[in-house]
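Here's a quick tour of a protein model, written for someone new to reading structures.

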Amino acid sequence: NIKGALFDLDGVLVDTAKYHYLAWKELADQWGFEFTEADNERLKGVSRMRSLEIVLEVGGISISEEEKLAKAEQKNERYLEYIRRMDASELLPGAKDYLYRLKERGVRIALGSASKNAAFILEKVGIADLFDAVVDGTKVAKAKPDPEVFLLGCRELGLKPDECAVFEDAEAGVAAAIAAGMYVVGIGSPANLGAANRVVGGLDELAG
Ligand code: G6P
Ligand code: MG
């Protein structure tokens, strides 16, 4: 039986992918190339710097390490302008109900996200209090598919990996959860999340 639940943030609890997309697209526009929503799929679950490298690759652009830092900072400023306006209406269907349901059952809850803005977003959408631990991009050195983020979350909950389940929408995140030795529920389509123990379309299917 599961004692701990670890949640990815973007694409599982909130739909921030659209804001990441808009902010990256503005950079691409400035460089003068098209950055599509299909390209954006490659950025899901990927760290900010790695995302920038993918955007540059799509545009066939190369810049210095110093410029990369400046561009990543510029993207984040734009992203912050979007997420500052977020509220509870941006929680994905079933997210809050499912978190409450787990709480009622005594399941401990942690966040396992690559985002450095994760704690801020949890506050904005009003679910920060539901988390017993928050592991985000400010705490981990190795990005998904490395299991670090989930292993740290599980440790902060005082549990063992086989007592935890992970909820993930990104392929790299599912791989990270498997590498951590945890039960993994893919949120999205079996087409790319087939490696998960179970795949559902959204948390509403579990909260029901
Ligand atoms: C999540 C998102 C990625 C994002 C990453 C870093 O994993 O799925 O799209 O690039 O977090 O987010 P940050 O807020 O630190 O730029
Ligand atoms: Mg995600």
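## What surrounds the ligand

The shell around ligand 1 is made up of three nonpolar, nine polar and four charged residues. In that sorting, Ala, Val, Leu, Ile, Met, Phe, Trp, Tyr, Cys and Pro count as nonpolar, Asp, Glu, Lys and Arg as charged, and the others, Gly among them, as polar. Keep in mind that this is a predicted model: local features need pLDDT of at least 70, side-chain atom pairs count only at pLDDT 80 or more, and totals for chains, interfaces and linings use all residues. As for labels, residues are numbered from 1 along each chain as its sequence is written, while chains are lettered from A and ligands numbered from 1 in the order in which they are written.

- There are 16 residues around ligand 1, and Asp10, Arg48, Ala114, Ser115 and Lys116 come nearest. A residue makes this list if its C-beta atom, placed from the backbone, lies within 6 Å of the ligand.

## The sheet

- Six strands line up as E3-E2-E1-E4-E5-E6 in an open sheet, with parallel pairing. Helices (H or I, at least four residues) and strands (E, at least two) are DSSP runs, numbered from the N terminus.
- The edges are strand E3 (133-135) and strand E6 (198-200), each of which pairs on one side only. Two strands pair if DSSP finds at least two bridges between them.
- On average, neighbouring strands of this sheet are turned by 20° against each other, direction ignored.
- What holds paired strands together? Strands of a sheet pair through backbone hydrogen bonds, either parallel or antiparallel.
- Strand E2 (residues 108-112) pairs with E3 in the parallel sense over three bridges, and glycine 112 stands opposite valine 135 in E3.
- E1 and E2 run parallel and are joined by four bridges; here alanine 5 stands opposite isoleucine 109 in E2.
- E1 also pairs with E4 in the parallel sense, over four bridges, and alanine 5 stands opposite alanine 165 in E4.
- E4 and E5 pair in the parallel sense over four bridges too, with valine 166 opposite valine 184 in E5.

## What's tucked inside the sheet

- Why is E2 largely enclosed by the rest of the structure? Five of the five residues of E2 are buried, so that's how it ends up. A residue is buried if 20 or more other C-beta atoms lie within 10 Å of its own, exposed if 12 or fewer, and partly exposed in between, with C-beta atoms placed from the backbone.
- Arg108, Ala110 and Gly112 point one way from E2, Ile109 and Leu111 point the other way, and all are buried.
- E4 is mostly covered, with four of its five residues buried.

## Helices H7 and H8

- Helix H7 has five names on its buried list: Val149, Phe150, Leu151, Gly153 and Cys154. These pack against E1, E2, E3, E4 and helix H8 (171-179). Contact here means that the C-beta atoms of two residues, placed from the backbone, lie within 7 Å.
- In H8, the buried residues are Glu171, Gly173, Val174, Ala176 and Ala177. Their cover includes H7, E4, strand E5 (183-187) and helix H9 (190-193).
- After H7 comes glycine 158, with a positive phi near 75°, and after H8 comes glycine 181, with a positive phi near 80°.

## Helices H3 and H4

- Helix H3 (residues 48-59) packs on helix H4 (residues 65-83) at an angle of about 105°, with their axes 10 Å apart. That makes H3 roughly perpendicular to H4. Angles under 35 degrees count as roughly parallel, over 145 as roughly antiparallel, 65 to 115 as roughly perpendicular and the rest as oblique. Axes are lines fitted to C-alpha atoms, for helices over the stretch in contact, and angles run from 0 to 180 degrees between N-to-C directions.
- Arg48, Met49 and Leu52 in H3 meet Lys68, Lys71, Ala72, Lys75 and Asn76 in H4.
- By class, this contact of H3 with H4 has three nonpolar, one polar and four charged residues.

- Is glutamate 81 buried or exposed? Glutamate 81, which lies in helix H4, is exposed, with 12 other C-beta atoms within 10 Å.
- The peptide bond from lysine 144 to proline 145 is cis, with omega near 15°. Proline 145 lies in the loop between E3 and H7.
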